[in-house]
Amino acid sequence: MTDTAAAPAADWQPTACILCSLNCGIEVRVDDRRIASVRGDRANPRSHGYACEKAQRLDHYQNGRDRLTGPLRRAADGTLEAVGWDTAIREIAERLGAVRDQHGGASIFYYGGGGQANHLGGAYGSATRAAFGVRYMSNALAQEKTGEFWVDGQLFGRSRCHTTPDFERAEVAVFVGKNPWESHGFPRSRVVLKEIAKDPARSLVVIDPRRTKTAALADFHLQVRPGTDAFCLAALLAVLVQEELLDEDFLAEHAGEGERLLGVLRDIPVDDYAGRCGVGEDLIRATARRLAGAGSVAVLEDLGIQQAPHSTLNSYLEKLLFLLTGNFGRAGTMNIHSGIASLGGDFRKDRETPVSGARIITGLIPSNAIADEILTDDPGRLRAMIVESSNPVHSIADSPRMREALERLDLLVVFDVALTETARMADYVLPSPSQYEKWEASFFCLEFPRNAFQLRRPIMGPPPGSDLLPEPEIHRRLVRATGVLDDVDIDGLRDLAARSRAEFGGALFALVGERPELRPHLPVIVYETLGATLPDGAAAAAALWLNAHGVAQMMGDSVRRAGIEGEGFALGEALFERILTSHSGLVFTDDAYPETFARLAHPDKRVRLTIPELVDELEGLREERQGPADPDFPLVLSAGERRSGTANTIFRDPAWRKQDREGALRVHPHDAGHIGLADGARARLTTRRGSAEVVVEVHDGLQPGHISLPNGLGLSYPSEDGTQGVCGVAPNDLTSSDERDWFAGTPHHKHVPARLEAA
Ligand SMILES: Nc1nc2c(c(=O)[nH]1)N[C@H]1C(S)=C(S)[C@@H](COP(=O)(O)OP(=O)(O)OC[C@H]3O[C@@H](n4cnc5c(=O)[nH]c(N)nc54)[C@H](O)[C@@H]3O)O[C@H]1N2
Ligand SMILES: Nc1nc2c(c(=O)[nH]1)N[C@H]1C(S)=C(S)[C@@H](COP(=O)(O)OP(=O)(O)OC[C@H]3O[C@@H](n4cnc5c(=O)[nH]c(N)nc54)[C@H](O)[C@@H]3O)O[C@H]1N2
Ligand code: SF4
Ligand SMILES: [Mo]
């Protein structure tokens with residue numbers, strides 16, 4: 001045994017993995033500021049001890065060599081120089097204020113607000129936006145989920161009526177453009193997948209052009225030709241209608257306005273559509289019959305259809321699979337979950353972007369439209385940008401154009417923990433402690449009936465000698481610098497908060513009743529008042545007090561069913577107290593199944609089946625020509641596959657990957673042979689937008705003509721001697737921002753015309 005191993009082990013501390021939206025509860029042991037050991041936390045009410053192998057590598061995030069240690073400012077010579085917080089905040093406030101005064105707050109844009117697990121800071125962003133009159137915002141959801149949200153809004157009445165699949169109990173589980181073995185996306189993914197696969201009474205359906213690890217477990221693998229899901233899904237739905245497999249009782253009781261949709265489906269030529277998507281007609285019919293005959297079906301769609309042709313239509317057809325078969329509002333099916341906070345924007349404002357007229361959904365500008373809104377001489381263009389916890393230079397389509405756009409801005413302010421591709425372009429970089437060094441939380445609470453939330457405590461302090469501020473404090477200082485809160489009696493409110501929360505609540509309520517313009521500032525106001533009274537330096541958690549009361553008010557029965565007692569204000573207080581003290585997380589709502597129907601927001605509480613715009617698109621499929629591919633770009637590149645060695649851009653150090661260090665391009669043996677490429681060979685990959693050298697992995701899980709590159713690579717990172725290096729290919733050096741869904745503007749990352757040549 002070595003000396004270090006003999007040193008007394010630190011205690012296991014509960015926290016969460018921050019690498020994907022599941023945020024599995026973990027317990028970690030810290031040794032000399034390193035995340036030394038990691039294990040699943042059995043007390044976590046969502047993950048119950050589950051964690052995948054990636055969590056073992058979290059120290060690559062915690063102790064990355066490009067972590068920021070203090071604020072930075074762009075100097076006259078163009079380099080980034082150290083600057084003090086007071087100077088940085090004062091100058092940013094002055095410069096944002098100047099942009100607003102000259103061009104209006106609509107010219108300042110806010111992007112991000114949290115990555116896979118750090119949403120607490122973003123909860124304070126509303127105050128900064130209000131202080132500078134910011135009108136437009138967005139985040140990564142606007143390059144994946146906005147089409148789906150819009151469809152939810154039409155079907156269920158509100159885009160926040162978001163459905164969640166109950167795979168634990170489903171007889172049939174369906175994945176459409178989703179590879180949960182690698183990407184997760186629902187609790188204990190791999191355990192549940194294996195359970196379904198080995199149970200002869202249950203079935204797994206996967207729609208994916210590749211034989212993924214998920215597809216390899218499937219009973220029904222519909223191996224569509226890339227980009228043809230609309231045909232496949234339409235054919236499945238057509239079989240349901242034509243073979244009279246609909247759940248008529250469910251539809252009569254809970255749905256309406258289906259005539260036009262069902263008429264269109266009745267006329268679809270199933271054999272033709274099967275041919276167009278490359279799936280056998282027999283397999284399509286067998287799958288449809290399996291769905292119709294099952295006691296329960298749950299469905300999950302993801303990037304494979306959201307970032308591909310017909311994105312929004314695909315989301316619509318995916319939802320019709322469970323709706324037409326009546327798999328809604330019961331165990332094992334789809335339910336509308338509760339939530340603790342919104343992940344979207346302010347959807348009450350504009351419906352279109354000011355310059356290019358792109359559709360704004362749930363308050364979010366399509367990521368692909370951002371450069372259009374900057375690179376123009378239109379007086380309404382965006383001129384300043386605040387980026388919080390996101391790396392848009394790397395993650396938005398057409399990175400060269402995003403760089404050009406950010407260069408054109410008068411001011412770019414970036415909040416991050418690392419010197420990212422985006423931070424390198426900033427005028428000011430505002431660094432925060434890591435997610436293990438501060439109070440933090442994720443708002444990805446998507447479960448039903450028992451929905452869980454975890455407020456995480458810091459498990460260590462920030463690095464010695466660093467000069468970092470948590471995001472809530474940065475927002476507070478920016479807001480304070482504008483003077484907007486100067487006439488609010490903060491001291492009085494703080495005293496009240498310390499004395500009586502009920503009186504504090506009453507005073508706050510009266511304040512925003514009198515001055516509604518202060519409403520978006522509430523997070524900062526409660527942070528400065530109630531926050532100061534919270535134990536253990538938990539001020540950042542103060543904003544959650546607002547959420548706790550909101551949830552208690554709107555879903556009191558569900559909160560009480562979760563074992564939290566009280567009525568009215570007392571229930572909100574009890575929930576907040578439970579949030580503060582449940583370090584492994586808590587169940588905050590336990591819903592009854594009828595809740596799904598109660599949450600429908602159409603006045604008649606029915607699902608509205610026909611979405612006219614999308615039924616038009618569905619009808620138009622018949623005329624769509626699938627001509628021969630562009631001879632210059634004969635392959636379809638899927639730019640951004642999730643693998644066990646990818647984690648967005650949260651891990652920047654390539655050394656975290658033991659295998660597939662450079663992120664190989666996967667190529668079918670037929671294509672590899674044709675081009676003359678052996679496994680491990682280097683090749684030149686070219687798209688209409690760019691070109692890159694790649695390592696090839698010959699892989700028979702693909703179909704000929706389809707090639708696949710991982711996400712999250714091509715990041716610049718310092719080696720031990722400090723020289724910067726880039727490992728692998730940044731996928732968005734190869735994508736174009738104009739290749740996007742006509743409706744929601746979601747990118748076609750999974751469908752990039754490409755060619756491959758021996759290097
Ligand atoms: N390991 C790992 N896990 C992650 C992440 C990560 O970076 N690494 N990122 C997280 C994030 S932000 C997200 S949004 C999720 C995404 O999770 P997923 O959507 O599951 O991830 P992808 O691998 O991008 O795409 C899923 C599948 O779409 C398939 N596909 C490609 N083209 C088509 C098509 O035309 N039709 C159909 N039906 N399928 C197609 C691909 O073959 C792939 O298997 O993963 C999360 N989890
Ligand atoms: N071509 C292609 N492009 C894609 C995709 C694809 O499949 N293909 N997938 C898309 C999808 S689904 C997504 S979700 C996006 C993701 O892309 P982004 O929205 O850019 O998010 P991440 O890569 O997750 O980056 C998160 C950032 O947060 C920083 N960070 C981590 N912890 C903290 C913290 O505590 N505080 C602060 N301030 N910052 C922190 C990290 O350093 C990192 O810079 O990429 C999209 N882009
Ligand atoms: S990467 Fe996702 S599934 Fe794996 S441990 Fe982390 S949160 Fe859980
Ligand atoms: Mo994502």
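In what order do the strands of the open sheet of seven strands run, and what kind of pairing does the sheet have? Please keep in mind while you look that this is a predicted model. The order is E5-E4-E17-E16-E15-E6-E7, and the pairing is mixed. At the edges stand strand E5, residues 80-82, and strand E7, residues 136-138, and each of these pairs on one side only. Going from one strand to the next, the twist averages 20°.

At the E5 end we can look at the pairing in detail. Strand E4, residues 72-74, is joined to E5 by three bridges, and the two run antiparallel. Within that pair, Arg74 of the chain stands opposite Leu80 in E5.

There is also an open sheet of three strands, in the order E1-E2-E3, with antiparallel pairing. Strand E1 (13-16) and strand E3 (34-40) are the edges; each has a single partner strand, so one side of each is left without a neighbour in the sheet. The twist here averages 45° from one strand to the next. Between E1 and strand E2, residues 25-31, there are four bridges, and these two strands run antiparallel.

Now the chain as a whole. It has 28 helices and 30 strands. The C-alpha trace spans about 70 × 70 × 60 Å along its principal axes. For 759 residues, a compact globule would have a radius of gyration near 27 Å; the chain has 26 Å, so the two agree.

On to ligand 1. Which residues come nearest to ligand 1? Of the 31 residues around it, those are Ser183, Arg210, Gly227, Asp229 and Thr646. By type, the shell around ligand 1 divides into seven nonpolar, twelve polar and twelve charged residues. Helix H6 (180-183), helix H13 (303-306) and strand E23 (635-641) each supply at least two residues of that shell.

I have three polar contacts to show for ligand 1. In the first, a polar side-chain atom of Asp208 is 2.7 Å from an oxygen atom of ligand 1. In the second, an oxygen atom of ligand 1 lies 2.9 Å from a polar backbone atom of Arg642. In the third, an N or O atom in the side chain of Lys54 is 3.4 Å from a nitrogen atom of ligand 1. As for cover, ligand 1 on its own has 910 Å² of accessible area, and the protein covers 97% of that.

Next is ligand 2. How many residues surround ligand 2, and which are the closest? There are 29, and the closest are Ser395, Asp416, Glu471, Ala639 and Arg642. The shell around ligand 2 divides into nine nonpolar, 14 polar and six charged residues.

The contacts of ligand 2 that I picked involve its oxygen atoms. A polar side-chain atom of Ser390 lies 2.8 Å from an oxygen atom of ligand 2. For Asn391, a backbone N or O atom is 2.7 Å from an oxygen atom of ligand 2. For Arg642, a polar side-chain atom is 2.7 Å from an oxygen atom of ligand 2. Of the 930 Å² of accessible area that ligand 2 has on its own, the protein covers 95%. Strand E16 (411-416) and E23 are the elements that give two or more residues to the shell around ligand 2.

Last, two backbone details. Most residues other than glycine have a negative phi, and most peptide bonds are trans. Ser389 has a positive phi of about 55°, although it is not a glycine. Where is Ser389? The residue lies in the loop between strand E15 (384-388) and helix H16 (392-395). The other detail is the peptide bond that joins Phe448 and Pro449, which is cis, with omega about 0°. Pro449 has its place in the loop between strand E18 (440-441) and strand E19 (450-453).

That is what I have.

Definitions and conventions
Residues numbered from 1 in each chain as written. Chains lettered and ligands numbered in written order. Predicted model: local features only at pLDDT ≥ 70, side-chain atom pairs only at ≥ 80, totals over all residues. Heavy atoms only, no water. Near = heavy atom within 4 Å. Polar contact = N/O pair within 3.5 Å; in protein donor to acceptor, adjacent residues only side chain to side chain. Areas by Shrake-Rupley, 256 points an atom, 1.4 Å probe, with all protein chains shown as cover. Nonpolar A, V, L, I, M, F, W, Y, C, P; charged D, E, K, R; others polar. Pairing = 2+ DSSP bridges. Axes fitted to C-alpha atoms, helices over the stretch in contact; angles between N-to-C directions. Rg over C-alpha atoms; globule rule 2.2 N^0.38 Å.
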